[in-house]
Amino acid sequence: MSTLSIIIFSPIIAALFLFFTRPNIAIVKIVYMVVTLSVLYLAVGLYIDFDPAKSMQFIEYHPWISEYGINYHVGVDGVSLGIVMMNAIIMPLVTLALHKLRDKNGYWINLLFVQGGIMGAVLSLDLMLFYLFWELMLLPIFFMLGLFGYGKKNYVAMKFNMYTIFGSLMMLIAILYIAVQYKEQFGTYSFDLNELKYLTLSSSESLLVFSGFMLAFAIKIPIFPFHTWLSDTYRSAPTGIVIVMSALMAKLGVYAIWRFLFTLFNETSHAVAPYFIGIGLFGLIYFGFSAMTQTHIKRMFAFSSASHLSLIVVGFFIYDVYGLIGSSYLIVAHALSSAALFLMVGIMFERTRAYRIDDLGGIARVAPKFALLFVFFSLSIVGVPLTAGFVAEVLIILGAFKYNIYIGLLTTTTILIAMLFMFKTISKVLYGELSESTKDFKDLRLHELVALVPLALLILVMGIFPNYFIKKIEPTAESYSQKIGVIYND
């Protein structure tokens, strides 16, 4: 079994083992930590061995249901490598920070299923395999929302489920349609990305199939106007799930645009690009102003994430190598920062039992370590110099200016808007008078520092030495950029 397969299946096998054997919670947490740390060890080795001069690597192919063109085909390139690393880094850190707060076996078992599902989806090079892992990733989220959520958790879980089922159904129809079309043209079924690239569809067929995929990805990211599940779900979800949804699953949605839509429907993607640039620009401004008006801190960060994800969408659809690299870099940078901030919000709630921003205040007076890291991660979301977010946003803005000067000017507003809502939140939560909820606020404990400090260091290293990380992405971005160049010349 290759490294990629071990990374995909070890969390899933561990989750199945724990589900059927039902050990006590202490053993569940130990197994979770051992498995996620093993995945992290393998992922670091993968990152070190990844050749920056090549694109797709560590390819593994095994026939599976070959008569219907379904095979086990996985591989990793510079863009998927970033998401693999984020998944491997964040999952064990979640345990470190939250292991004293969650004592239900199902919580940790479902997180293992999620980790395996995300790894499988991001590494799949077969559409049906991707679909299966996509669904495997979503089902545990539904169960965790219903079992461990807050407030109207059943309603929220059902609403989230309806959205995702609708998106997944549209994507499945699109996948089956192109497989049937491939059989008509080549005499056999295929779901393999490398083979489907040679499929010829009319412009109307291509647009319909593109729309089927895009609906699923737009809901997952979410892109305006497919965001109405976002704020209620983030508000009700337990901390571990909010981290997974914001830092990993949303990023998988934008990654899938690159991997599948730009690969299979290059000309259609280019034709509709101006519309998605417009939607992305509207989204980054709309979600940014929505974040400013929130009184619930999880909802504020939910809209903040949506604003930055809209910027990533703009970066992809401007079809410039700077935009592609910047968006890929922002996927990783934002995953680190948002995971850390949602982790800190969970820690804050555990101490205060409050999510309303007006009920939080003066925390810097009693918890300086908490305040320092909260400010750092907030500024990294804004994109201040020496952080990974700064490098990513500058690259996207450069690409946007190359595409169109007015698009470039509008993308710069994301920094200004992020400053407004982040500084407002920082001033209310950390400064001012201590409230009834925060007067006994305890500073970060050792295990919480152990979970948060590595994220802060990685954000700094990515901000100060970006070339080491960008060179892993560059060959993939340039190969896509060259493909688009061919279309431009036509």
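Trainee: Which helices do the buried residues of H8 pack against?
Mentor: Bear in mind that this is a predicted model. In it, the buried residues of H8 pack against helix H5 (127–148), helix H6 (153–186), helix H10 (239–264) and helix H11 (266–292).
Trainee: And which residues in H8 are buried?
Mentor: Ser206, Val209 and Phe210 are among them, and so are Gly212, Phe213, Met214, Leu215, Ala216, Phe217, Ala218, Ile219 and Lys220.
Trainee: What span does helix H8 reach from its first C-alpha to its last?
Mentor: Helix H8 covers residues 203–220, which is 18 residues, and reaches 26 Å, close to the 26 Å expected at 1.5 Å a residue.
Trainee: Where is the kink in H8 centred?
Mentor: On Met214, with a bend of about 25 degrees. Met214 is also one of the buried residues of that helix.
Trainee: OK, over to H11. Where does its kink lie?
Mentor: At Ala273, shortly before the proline Pro274, and the kink is about 50 degrees. H11 has 27 residues and reaches 37 Å end to end by C-alpha, close to the 39 Å expected at 1.5 Å a residue.
Trainee: Different pair now. Are H3 and H18 roughly parallel or antiparallel to each other?
Mentor: The axes of helix H3 (residues 78–98) and helix H18 (residues 446–464) cross at roughly 150 degrees and come within 7 Å. Angles over 145 degrees count as roughly antiparallel, so H3 and H18 are roughly antiparallel.
Trainee: Which residues make that contact?
Mentor: From H3, Ile89, Leu93, Leu96 and Ala97; from H18, His447, Glu448, Val450, Ala451, Leu455 and Leu458.
Trainee: Now single residues. Is Thr352 buried or exposed?
Mentor: Thr352, which is found in helix H13, has 9% relative accessibility, so it counts as buried.
Trainee: What lies 2.8 Å from a polar atom of its side chain, I mean Thr352's?
Mentor: The backbone oxygen of Met348.
Trainee: And what is Thr352 in contact with, leaving aside neighbours within four places in sequence?
Mentor: Leu360, Ser437, Thr438 and Phe441.
Trainee: Last one: where is the place of Ile318?
Mentor: Ile318 sits in the loop between helix H12 (297–317) and helix H13 (321–352). Its relative accessible area is 1%, so Ile318 is buried.
Trainee: How many residues apart in sequence are Ile318 and Ala400?
Mentor: They are 82 residues apart in sequence, with 6.5 Å between their C-alpha atoms in space.

Terms used: Residues are numbered from 1 along each chain as its sequence is written. This is a predicted model: local features need pLDDT of at least 70, side-chain atom pairs count only at pLDDT 80 or more; totals for chains, interfaces and linings use all residues. Side-chain values use heavy atoms; hydrogens and water are left out. Helices (H or I, at least four residues) and strands (E, at least two) are DSSP runs, numbered from the N terminus. Buried means under 20% relative accessible area, exposed over 50%, partly exposed in between (1.4 Å probe, protein chains only). A polar contact is a pair of N or O atoms within 3.5 Å; within protein, one must be able to donate a hydrogen and the other to accept it, and residues adjacent in sequence count only if both atoms are side-chain atoms. Contact means heavy atoms within 4.5 Å. The expected span of a helix is 1.5 Å times one less than its number of residues. The bend at a residue is the angle between axes fitted to the seven residues ending there and the seven starting there. Axes are lines fitted to C-alpha atoms, for helices over the stretch in contact, and angles run from 0 to 180 degrees between N-to-C directions. Angles under 35 degrees count as roughly parallel, over 145 as roughly antiparallel, 65 to 115 as roughly perpendicular and the rest as oblique.
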